[in-house]
Number of protein chains: 2
Amino acid sequence: MSDSIKYLLQESDIPTAWYNIIADLPEAPPPVLHPGTGQPITPDDLAPLFPMAVIEQEVSSERYIDIPEPVRDILKQWRPSPLYRARRLEQALDTSARIYYKYEGVSPAGSHKPNTAVAQAFYSKQEGVKRITTETGAGQWGSALAFAGAFFGLEIEVYMVKVSFNQKPYRRAFMESFGATCIASPSDTTESGRAVLAENPDSTGSLGIAISEAVERAVQRDDTRYALGSVLNHVLLHQTVIGQETMKQLEMADDYPDIIVGCTGGGSNFAGIAFPFLGEKLRGGQDVHIIAVEPANCPTLTKGRYAYDFGDTGHLTPLVKMHTLGSTFVPPGFHAGGLRYHGMGPLVSQTAELGLVHPRSYTQAECFDAGVQFAKAEGIIPAPEANHAVVGAIEEAIKCKEEGSSKAILFNLCGHGNFDMQAYMDYFAGKLYDQEYSEEELAMALSGLPSVAAAA
Amino acid sequence: MSDSIKYLLQESDIPTAWYNIIADLPEAPPPVLHPGTGQPITPDDLAPLFPMAVIEQEVSSERYIDIPEPVRDILKQWRPSPLYRARRLEQALDTSARIYYKYEGVSPAGSHKPNTAVAQAFYSKQEGVKRITTETGAGQWGSALAFAGAFFGLEIEVYMVKVSFNQKPYRRAFMESFGATCIASPSDTTESGRAVLAENPDSTGSLGIAISEAVERAVQRDDTRYALGSVLNHVLLHQTVIGQETMKQLEMADDYPDIIVGCTGGGSNFAGIAFPFLGEKLRGGQDVHIIAVEPANCPTLTKGRYAYDFGDTGHLTPLVKMHTLGSTFVPPGFHAGGLRYHGMGPLVSQTAELGLVHPRSYTQAECFDAGVQFAKAEGIIPAPEANHAVVGAIEEAIKCKEEGSSKAILFNLCGHGNFDMQAYMDYFAGKLYDQEYSEEELAMALSGLPSVAAAA
């Protein structure tokens, strides 16, 4: 085994195809349903929203889908990303485990999000689209799409949840530096925004409202499409470059993971690292134990129901079968904005239902304890979202120590925390809190599940 | 010539020795003088301030000085850093020039500063030091030393200019996440701080005051030393890993620079990229035109005097011969905190005097225009300091177009601007200004040069 701490690949090692887990699943994914009819939707239903190439990927069952050269060309800006052996963390934990982490914070937007933003911008450009609308909460996804749009000369309109728009002027400035336009949501530029403002002029917005606004502005204009930063199959697909690169890097290290840990909000960074390995296992390759870590404040996989639900609060999206807390569920304002989503990527939900993925949740304090320990050992401050993966990996490493076993633990450090220092300040000041949900509260949010889908 | 956009090396390509330009200069550098006697200082004079290994490096004339393995081991965390071919910027400029940039923003602190912070922390630890004091303005240097201190279990005390301490809580939180202590300067923890506060309780501090406080707290305690982030010979030495790696990467690209551009504050990132190439030239190798870019707001090299001066406002430091605007010169609060220093690294000053380095200055607006153009083409938002190198490189590329020549232009992108979005917001809002200095103003600041050195 090598004694390196970092495994670097060359540009030519960037994967030439995305890996599609659907090809290897023991059963086909449940169809996406039209909310009006309860029938499976057609590509034409989605055409006003997404470029056709993306729609085809959403429903494809091909194992590999070629990455267009212009996309790979832009990925080269920061990919292949490094794989680290966390030797100093291992020493700090005094563990017999071998801990590896893939680091996606090297992208100019500081997270894994540009992997799909670049692909979605490319297909939009190719199909003559002039403008992409999207929503952003904390700002990671909006930043990634702004960055990708600049490369293809596309206009990017970002509906940014108003409370973040006001609290995070630097995130806005980041997007604007790439030429994007940020609009505080709810806004008076859409019907859904105006409706919210009429009812509550002081509304600080929500991700659900921002999605409705972005979707509305996309379908209104022929030259405009919409882009989503997680949840959907094509987004998870675009993130599989992460796991594929990691496989090559672990070959350099002459090692293979016994355990893979990822954090899950919509599921895209998790799927990015885990699905290529899961595919190997499903095709008869080496076994691997896969752990999905989510926040106790938004326990979609661990406490939600596997059912058809809307992707947004305004009920403008199709229905997908996923683990959901109900589209009316509003998670508290905890510090991992990227994981504050009521649903879960359908493919992550399905693999969890099949027992191929093992979900687990942690509180904020547990996550930040782990994040600070990691920073002091490895020199990188993780994003609050990534801290969920860090704590999961550390717990597994401690188990190894207790068992006297020596396992290889791999996790995805999906982004750095340099834009999230307020969260760390609140942690140091002892200001973090966690919400305990009663059975009744969870049941109430779930009581609003769409009836049309109950039959499905 | 290769068609890559990024040249990556492996861990084993990290240089094993630092390169010392003094070995190749046509004349020895002027000695550092004791401010009381006007005589050259001895290593013993400096012993209360710096570890002995660092003092030896400061005065060494050996061409190569071995990098200790534990230092290389930590550099591996982010080194070798990538070299980029700026193909999209070339296209945007429609230039026949080949533009390359070395990117130091991949370090966890976001700049080149950790290259020396790690070395200085290592030597302190090796000599039994428990604690390092330092000053920081905008926060880049304090962050780098906090990061390095965490690796060696050293206490780090950062005197942070009070106005920044209050305006930049996130920078503070970044340092504190690595376990460092930040003190707002002027403080009541030192004699120099108390003297300032007695005169002006509302003082918002200055880099000069913060240096005096950090130096005072280092010399007071036997187990404590002081660390400086630029200017001195050993700091410039530690940065030469940048240029040495770049040489290997340009070999991969089968190219060699005709022009090298760096931004200069104290001179360390500039020397890091330029001196290894300058050494080649001085030893009879290929010619290269080297340009040092500084802010018009703090025109040390272009309008200062080459003379002996103090490094700090409180006159606690030895005297060094350098380009200086006078130690009482207070630059306006423009947005490139790392370049707001009244002096210049003595070795950069000397090479400029010898005609080996060509200085040039730009206004804020020119720098940010170039930075935004660069960001849209290359996807990275540069630090305001780095924008000075960007504008210099772009101007040279435009010259190539006008001349119809095809030169290779190399510059150092010494850090990203993710912590500097306020500067970009002020730029977009048209709020940047530049100070014009009259001959009288500059002469007045210089009239305070120390008399003991006038003879030297």
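Figure 1. Two salt bridges are counted between chain B and chain A, a salt bridge being a side-chain nitrogen of Lys or Arg within 4 Å of a carboxyl oxygen of Asp or Glu. B:Asp73 forms a salt bridge with A:Arg88, and the closest N and O atoms are 4.0 Å apart. Across the interface of chain B and chain A, 18 residue pairs are in polar contact, both residues at pLDDT 80 or more. A polar contact is a pair of N or O atoms within 3.5 Å; within protein, one must be able to donate a hydrogen and the other to accept it, and residues adjacent in sequence count only if both atoms are side-chain atoms. This is a predicted model, in which local features need pLDDT of at least 70 and side-chain atom pairs count only at pLDDT 80 or more, while totals for chains, interfaces and linings use all residues. Residues are numbered from 1 along each chain as its sequence is written, chains are lettered from A and ligands numbered from 1 in the order in which they are written, and side-chain values use heavy atoms, with hydrogens and water left out.

**Figure 2. The side of chain B that touches chain A.** The contact (heavy atoms within 4.5 Å) takes 46 residues from chain A and 46 residues from chain B. About 3900 Å² is buried between the two chains, 57% of it on carbon and sulfur atoms; buried area is the accessible area (1.4 Å probe) that two parts lose on being put together, summed over both. B:Gln77, B:Tyr170 and B:Ser177 supply 16% of the area that chain B buries against chain A, more than any other three residues.

**Figure 3. Packing of α9(B) on α10(B).** Helices (H or I, at least four residues) and strands (E, at least two) are DSSP runs, numbered from the N terminus. Helix α9 (residues 191-199) of chain B packs against helix α10 (residues 207-219) of chain B at an angle of about 145°, with the axes 8 Å apart. Axes are lines fitted to C-alpha atoms, for helices over the stretch in contact, and angles run from 0 to 180 degrees between N-to-C directions. From α9(B), B:Glu191, B:Ser192, B:Gly193 and B:Val196 meet B:Ile209, B:Ser212, B:Glu213 and B:Glu216 of α10(B).

**Figure 4. The seven-stranded sheet of chain A.** The open sheet has the order β1-β4-β5-β15-β10-β11-β14, with mixed pairing; two strands pair if DSSP finds at least two bridges between them. β1 (6-7) and β14 (358-362) of chain A are the edge strands, each pairing on one side only. Strand β11 (residues 289-295) of chain A runs parallel to β14(A) and is joined to β14(A) by five bridges. A:Pro295 has A:Tyr362 as its bridge partner in β14(A). Helix α16 (residues 364-378) of chain A packs on the sheet, and its direction makes about 90° with that of β14(A). Helix α17 (residues 384-403) of chain A lies across β5, β10 (259-263), β11, β14 and β15 of chain A, at about 170° to β15(A).

**Figure 5. The four-stranded sheet of chain A.** Strands in the order β8-β7-β6-β9 form an open sheet with parallel pairing. Its edge strands are β8 (181-185) and β9 (224-226) of chain A. Six bridges join strand β6 (residues 131-136) to strand β7 (residues 155-161) of chain A, and A:Ile132 stands opposite A:Ile156 in β7(A). Helix α6 (residues 140-152) of chain A lies across β6 and β7, running at about 160° to β6(A).
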